[in-house]
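Biologist: I've got this model open on my screen. Could you walk me through it?

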Amino acid sequence: MKMNREFHTVRGYQMLNSESKILTSSMEDYLEMIYRICLKSGYVRVNQLSEKLNVRPSSTTKVVQKLSELGLVDYQRYGIIQLTEDGKSIGEFLLERHEIIETFLRNIGVKETLLKDTELIEHDVSLSALEAIDSLNKFLSDNPQVKKQYEVYRLSKN
Ligand code: CA
């Protein structure tokens with residue numbers, strides 16, 4: 001099964017995935033991690049990916065084979081994984097989405113559960129909510145005094 005053309009846009013990906021969950025949350029996490037590592041080195045090995053995700057190499061191989069069937073990664077000999085063009089554009093989106101949610105949670109004062117909450121929210125947030133959150137993040141970063149005001153308010157309520 002190959003990606004259909006709509007997958008070439010992030011919007012297409014997000015829409016298709018919210019309808020039919022072509023990528024499970026777990027597959028999204030793998031793809032996001034592959035993208036993170038490939039940004040630095042251009043490829044990633046199965047063992048390295050397993051270590052980063054804290055899973056067994058046999059599980060990694062299974063997921064990577066699925067991603068390969070979907071045309072998102074090239075996985076051939078020697079356990080080397082590389083992203084296809086579709087894989088790169090979706091991976092880039094997944095990393096960006098992660099960062100937008102993490103920044104948002106940080107902005108509203110989440111600390112201890114920051115990563116856990118990011119992992120829970122990122123897979124199910126709609127594109128329109130994500131865009132609104134991104135806009136709020138930018139507003140707060142352009143208006144640090146508003147951000148400060150909120151922090152003071154929040155701490156005064158605790
Ligand atoms: Ca993530």
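Modeller: Contact means heavy atoms within 4.5 Å, and helices (H or I, at least four residues) and strands (E, at least two) are DSSP runs numbered from the N terminus. This is a predicted model, where local features need pLDDT of at least 70 and side-chain atom pairs count only at pLDDT 80 or more, while totals for chains, interfaces and linings use all residues. Residues are numbered from 1 along each chain as its sequence is written, and side-chain values use heavy atoms, with hydrogens and water left out.

Biologist: Which residues of α4 are buried?

Modeller: Buried means under 20% relative accessible area, exposed over 50%, and partly exposed in between (1.4 Å probe, protein chains only). In α4, the buried ones are Thr60, Val63, Val64 and Leu67.

Biologist: And why do they line one face of the helix?

Modeller: An α-helix has 3.6 residues a turn, so residues three or four places apart point the same way. The arc is that of the directions from the helix axis to the C-beta atoms. Looking down the axis of α4, the buried residues line one face because they fall within an arc of 100 degrees.

Biologist: How far apart are the end C-alpha atoms of α4?

Modeller: The expected span is 1.5 Å times one less than the number of residues. For the 13 residues of α4 (57–69) that should give 18 Å, and the end C-alpha atoms agree, being apart by 18 Å.

Biologist: Is asparagine 54 buried or exposed?

Modeller: Asparagine 54 is found in the loop between α3 and α4. Its phi is near 60 degrees, a positive value in a residue other than glycine. With 73% relative accessibility, asparagine 54 counts as exposed.
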